[in-house]
Amino acid sequence: MHNNVLTTELVDQGFISLGWDDLPDLSSIGGGREGLKSALAGADPDAKPRSIAGQAGVLTRFRDEMRIGDVIVAPYKPDSTINLGVVTSDYYFDPEARVHRHRRRVEWKRLGLPRTLFSQAALYEIGSVLAVFRVRRHVDEFLAALRSSGESLDEIAETVDRAAEQTATDDEIDEPRASRIERHTRDFVLETLHRKLSHEEFEEFTAALLRALGYQARVTQYSQDGGVDVIAHRDPLGVEPPQIKVQCKHKTGTVGAPEVQQLIGTQGLGELSLFVTLGAYSRDALAIERQRPGLRLLSGEDVVTMVLENYAELPEPWRAIIPLTRVLVVADAAER
């Protein structure tokens, strides 16, 4: 089982890729790993030996060690989801491509899985700064999600939880680089908002977060909100335009176009609309956002970013639910 960073193009065309687009066809470089190290050193004479060795390791895994039938775990950073697929080809080089020239074909099996399905230990393991590496200690969780007979997120979550319980162990501590600690923190915030809050509490939290951003915000009546959960505005009385109508979805799945259209239906003249979810949005939903003035869709990643950037302004009861502290950590750029 291998990890690879994903982009939309890779999902649409069914492949995974590496960077290093300045390098020629890797199949033409002989000498195994040492040959790759020589090619990398020639392409970047100023690179340090340890950096060259690490890069050569990634290229070797992708070109030589990966096999047809291997499972790929591919995080998608923009919307904080995880995608699972199976390798269906050997390494090949696409000289016509502007980017993503070094490729392997993949049949995607599960797309857009929320990170909250998996244990924190499993998420930490796949948070490596390396482009390609072998998942070793939490394989069963990802295989359980891939092979689950259930289609709903709740059914998949139950299967993954059982696998996590059966394989729980004292994990080896990985090197605490900045990017991994940041990702771990973001996962913690997202999971806490999902598991520790009810839907009604998530509406209250959204209003508190908007107030931390400088808005006046109040939650509507739960039983008769007409699809609008929070009303926000800049002026203290709420009589000056624009008024922002907010819909909250306390879920980590994908929000589709119909749900976004429901919110738009409440939007009056001069009003703005804001959709807030802990998950992601479908392409059709995102297309509506691009075409509709006054509409903003906030994903789970957006919400986490706002929490981290405005944490000090949140009321203490919310900070107690999401306990965080600021620390200095080793930067990824530091020499290993």
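Lys-109 and Glu-107 form a salt bridge, with their closest N and O atoms 3.0 Å apart. The term covers a side-chain nitrogen of Lys or Arg within 4 Å of a carboxyl oxygen of Asp or Glu. Lys-109 is partly exposed at 44% relative accessibility, and Glu-107 is partly exposed too, at 42%. Those labels follow set cut-offs: buried is under 20% relative accessible area, exposed is over 50%, and partly exposed is in between (1.4 Å probe, protein chains only).

A quick word on what you're looking at: this is a predicted model, where local features need pLDDT of at least 70, side-chain atom pairs count only at pLDDT 80 or more, and totals for chains, interfaces and linings use all residues. Residues are numbered from 1 along each chain as its sequence is written, and side-chain values use heavy atoms, with hydrogens and water left out.

## Salt bridges

How many salt bridges does the count come to? The answer is 14.

| Pair | Closest N to O |
|---|---|
| Lys-109 and Glu-107 | 3.0 Å |
| Arg-103 and Asp-94 | 3.5 Å |

Helices (H or I, at least four residues) and strands (E, at least two) are DSSP runs, numbered from the N terminus. Lys-249 itself is partly exposed, at 24% relative accessibility.

There's also a network: salt bridges with shared partners join Arg-115, Arg-183, Arg-186, Asp-187 and Glu-301.

## Charges over rings

Arg-103, the partner of Asp-94 in a salt bridge, is buried, with a relative accessible area of 6%. Arg-103 also lies over the face of Phe-15, 3.9 Å from the ring centre. To count as sitting over a ring, NZ of Lys or CZ of Arg has to be within 6 Å of the ring centre and within 35 degrees of the ring normal. Arg-234 does this as well: its charged end sits over the ring of Tyr-215, 3.8 Å from the centre.

Is His-102 buried or exposed? It's buried, with a relative accessible area of 0%. You'll find His-102 in strand E6 (residues 102–114). Its side chain reaches the backbone oxygen of Trp-20 at 2.9 Å, and a polar contact of 2.8 Å joins the side chains of His-102 and Tyr-91. A polar contact is a pair of N or O atoms within 3.5 Å; within protein, one must be able to donate a hydrogen and the other to accept it, and residues adjacent in sequence count only if both atoms are side-chain atoms.

## Aromatic pairs

The model has four aromatic pairs. Phe-62 and Tyr-91 make one of them, edge-to-face, at 6.3 Å centre to centre and 80° between the planes. This pair links distant parts of the chain: Phe-62 is in helix H3 (residues 49–65) and Tyr-91 is in the loop between strand E4 (81–87) and strand E5 (92–93), 29 residues apart. Both Phe-62 and Tyr-91 are buried.

Phe-205 and Trp-318 have ring centres 5.3 Å apart and planes at 75°, so this pair is edge-to-face as well. Here, too, distant parts of the chain are linked: Phe-205 is in helix H8 (residues 199–212) and Trp-318 in helix H12 (residues 316–321), 113 residues apart. Phe-205 and Trp-318 are both buried. As for the rule, rings of Phe, Tyr and Trp (its six-membered ring) pair if their centres lie within 6.5 Å; planes under 30 degrees apart count as stacked, over 60 as edge-to-face and the rest as tilted.

## Strand E9 and its neighbours

Strand E9 (residues 230–233) is covered on both faces: Val-230 and Ala-232 on one side, and Ile-231 and His-233 on the other, are all buried. E9 runs antiparallel to strand E8 (residues 216–219), with four bridges between them; Val-219 has Val-230 as its bridge partner in E9. E9 and E10 are antiparallel as well, joined by three bridges, and Ile-231 stands opposite Lys-245 in E10. Strands count as paired if DSSP finds at least two bridges between them.
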